[in-house]
Each structure stands twice: as C-alpha cells, then as structure tokens.
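I opened the model today to go through its turns, strand pairs and helix contacts. My entries follow in the order in which I looked things up.

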Amino acid sequence: MGNVFVVLTPLIHGIVKLAGLTQQTIEIEPGTLMNIWVPKEIVTKDDGKIVYLPPTKPAVLLLHSFAMDGIFTWFLQVLVFTREYSVYVPDFLFFGGSITDRNERSASFQAEFVAKGLKKLRVEKVTLVGLSYGGMVGFKIAQLYPNLVKSMVMSSTVIELTESISLDSYKRLGLSSWSDLLMPTTVEGLKKMFSVGFHKLPWLPDFIYRNILETMFSNRKERNELLDCLVVPDTDVTSDTCYLQAIHMLWGDDDKIFDLDLANTMKIRLGEKATLDWIKDAGHLVPLEKPFTYNKRLKSILECVTKDQ
C-alpha cells in the first residue's frame with residue numbers, strides 16, 4: 001500500500017500527457033536545469049536536436065505553491081485549459097526536477113529562472129496564474145520582466161512576505177517559522193499543513209500521508225533556505241506597487257494563511273488595476289479544493305484578458 005502515491009505520480013503524468021502536454025528538461029545555464037510541462041505541438045526536432053516553436057495559442061503560465069510541484073498543484077486546471085491555451089507548468093528550483101548549483105535562494109532568483117526558461121521556449125507574452133509561493137514569484141516576474149507578463153491571476157498570495165505578515169500568521173497558526181508548516185517531517189505535521197491549506201480536509205489513510213512525505217519533500221536544506229530568504233523585513237518592503245498589468249485576485253473565503261482582510265488590503269494597495277473575487281467554503285489551496293468553481297472563474301478571466309493576445 002505504501003506505493004500508492006508512487007503509482008499516482010505516473011497516473012497524473014499520463015492524464016496530463018493525454019491533455020496535450022509533454023515534460024521537458026531545459027538547461028538554463030550550466031548547472032541549472034528546469035523541469036517544465038509544455039504543449040506537445042511546440043516541441044520538434046531539427047537534425048535530431050530538440051527545437052521549440054513559439055506557442056500556437058494564447059500562453060498561460062501556471063506557477064505552483066510551496067506545498068507541491070507544478071503538475072500536482074495544477075493538473076486539475078491543465079485538463080481544462082489546454083484546448084484553448086498554450087499552457088506552461090514549470091517546477092521552481094528545488095521542486096520536481098528543477099535544480100541549480102548556484103547559491104541564490106530569493107524569489108527574484110526564481111523569477112529570473114522562469115523568465116530565462118520561457119525565453120528558451122520562445123514565449124514572449126503570458127498570462128501568469130500564481131498560487132501562494134507561485135504568486136510571490138509571479139509578482140517578481142511582472143516587476144522585473146514587465147514585457148513578458150500581459151496580466152496576472154493571483155490566488156492565496158502576497159506581493160511580498162513581510163516579517164509582520166509572517167509573525168501574525170505564526171501567532172494564529174502556532175508556528176515559529178514557515179518551515180514548521182511547509183517542511184513537515186512527520187505524518188502529523190503533513191496533516192497540519194493540509195488542514196491549514198484546506199477549508200475542509202478530506203480524509204486520507206495514514207499510509208498515503210507517509211508516502212507523500214517520502215515522495216514530495218526532497219531538497220529539504222535548499223527549500224528551508226528558500227523559506228528563510230522569502231521573509232522580507234518590513235523596512236525593506238518595496239514601496240512601488242504600480243504594476244503595468246491587470247491583476248485579478250481569486251481567493252478562497254476561508255484562507256487560513258492570507259485571509260480576505262489581507263487580500264482586501266492588498267487590492268487597495270495595488271490600485272484600480274486590481275480586482276478581487278472569492279470562492280465560498282474554500283481554503284488556501286483553492287484550485288485543488290474547489291477545482292470546478294475555480295476553473296469556471298479562471299476561464300472567465302482568461303477569456304477577457306487573452307482575447308487580444
């Protein structure tokens with residue numbers, strides 16, 4: 001029974017392949033590799049060498065949470081959106097198959113990594129969809145590479161993870177650091193992570209939790225370093241939040257990490273280009289917990305923002 005999750009991985013990968021994506025490993029630079037799922041139709045060969053074509057449909061970039069890799073975060077969206085969009089799902093560094101020998105650990109470094117990968121794939125403009133950690137990296141991509149990002153859909157995230165936001169969350173959730181929640185070492189710790197992430201935690205037997213723990217939490221040292229670098233002193237917060245792109249915020253109404261009050265405050269800070277909508281009885285991992293409702297809302301947003309792409 002301990003192999004259930006090991007079986008689940010190729011099952012999800014197989015379904016995603018049927019939906020039209022293929023898994024690629026791209027060398028960003030010597031020592032740095034990106035694992036990314038891309039549309040099958042953009043991958044071709046010239047004299048035996050893989051060549052990437054530009055996207056054939058409006059490009060959508062899905063950026064994953066810290067709790068899991070790209071395709072596990074987003075496979076329920078991939079199945080719906082690949083028909084009308086060229087969907088790209090990368091793994092951040094130290095998740096999935098993405099790795100580097102460089103020492104940087106900041107969100108800006110992850111943003112640079114994703115932007116370089118998209119350039120190698122000949123993607124010039126995307127609608128960016130970010131969940132939690134993926135949203136934080138997404139804001140950095142939009143800031144550092146404004147011509148790359150047409151618009152953003154952000155869920156369960158913040159522009160920057162400040163010390164004050166972190167301390168408030170630690171107090172409410174009984175934590176001493178983000179690693180306490182996001183890098184569990186026991187089944188009970190993993191259950192707590194998911195109970196915080198969901199409005200209502202679905203029941204799973206302990207052997208599945210054990211297998212998730214063994215399978216999904218590699219590169220522990222590096223991921224802990226990513227979390228350490230993610231928290232920004234309040235005195236270092238970027239005052240400029242004037243993004244060129246429209247920002248559509250799509251939340252769960254029971255987000256226990258970044259609640260709706262925080263989302264409203266962020267919307268005000270972002271100004272008139274930001275909108276906020278929320279889904280009832282959904283938590284932090286809203287695309288996983290309420291996929292049908294989330295996909296319906298996301299579809300409406302994408303139809304609006306990509307019509308002239």
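I started with Asp-47, which sits in the loop between E3 and E4. I took helices (H or I, at least four residues) and strands (E, at least two) as DSSP runs, numbered from the N terminus. The phi of Asp-47 is near 55 degrees, a positive value in a residue other than glycine. Most residues other than glycine have a negative phi. Asp-47 has 81% relative accessibility and counts as exposed; I used buried for under 20% relative accessible area, exposed for over 50% and partly exposed for in between, with a 1.4 Å probe and protein chains only.

A note on the basis of these entries: the model is predicted, local features need pLDDT of at least 70, side-chain atom pairs count only at pLDDT 80 or more, and totals for chains, interfaces and linings use all residues. Residues are numbered from 1 along each chain as its sequence is written, and side-chain values use heavy atoms, with hydrogens and water left out.

Strand E3 (residues 43–46) pairs with strand E4 (residues 49–52) in the antiparallel sense, over four bridges. I counted two strands as paired if DSSP finds at least two bridges between them. Val-43 lies opposite Tyr-52 of E4. The two strands form a hairpin with two residues between them, and Asp-47 is in the turn.

I then checked another positive phi. Arg-122 is not a glycine, yet its phi is positive, about 65 degrees. Arg-122 lies in the loop between H3 and strand E8 (126–131). With 44% relative accessibility, Arg-122 counts as partly exposed.

Which strands pair with E2? Strand E1 (residues 21–29) runs antiparallel to E2 and is joined to it by eight bridges. Glu-29 has Thr-32 in E2 as its bridge partner. E1 and E2 make a hairpin with two residues between the strands, where Gly-31 takes a positive phi near 90 degrees. Strand E7 (residues 99–100) is also antiparallel to E2, with two bridges, and Thr-32 is partnered there by Thr-100. Strand E6 (residues 86–90) pairs with E2 in the antiparallel sense over two bridges, with Trp-37 opposite Val-89. E2 itself (residues 32–39) is mostly covered, as seven of its eight residues are buried.

I turned to the helices. The axes of H3 (residues 107–120) and H4 (residues 133–144) come within 8 Å and cross at roughly 70 degrees. Axes here are lines fitted to C-alpha atoms, for helices over the stretch in contact, and angles run from 0 to 180 degrees between N-to-C directions. H3 and H4 are therefore roughly perpendicular, the class for 65 to 115 degrees; under 35 is roughly parallel, over 145 roughly antiparallel and the rest oblique. Ala-107, Ser-108, Gln-110, Ala-111 and Val-114 of H3 meet residues of H4 including Tyr-133, Val-137 and Leu-144. The residues of this contact of H3 with H4 are seven nonpolar, two polar and one charged. I counted Ala, Val, Leu, Ile, Met, Phe, Trp, Tyr, Cys and Pro as nonpolar, Asp, Glu, Lys and Arg as charged, and the others, Gly among them, as polar.

The axes of H7 (residues 187–197) and H8 (residues 206–216) come within 9 Å and cross at roughly 90 degrees, so this pair is roughly perpendicular. Val-187, Leu-190, Lys-191 and Phe-194 of H7 meet Asp-206, Tyr-209, Arg-210, Ile-212 and Leu-213 of H8. The contact of H7 with H8 has six nonpolar, no polar and three charged residues.

Is Ser-179 buried or exposed? Ser-179 is in helix H6 (residues 178–182) and is buried, because its relative accessible area is 15%. Leaving aside neighbours within four places in sequence, Ser-179 is in contact (heavy atoms within 4.5 Å) with Pro-184, Asn-224 and Leu-227. Arg-220 is 41 residues from Ser-179 in sequence and 9.8 Å from it in space, C-alpha to C-alpha.

Val-232 counts as buried at 17% relative accessibility. Not counting residues up to four places away in sequence, Val-232 touches Leu-161, Thr-162, Glu-163 and Val-237.
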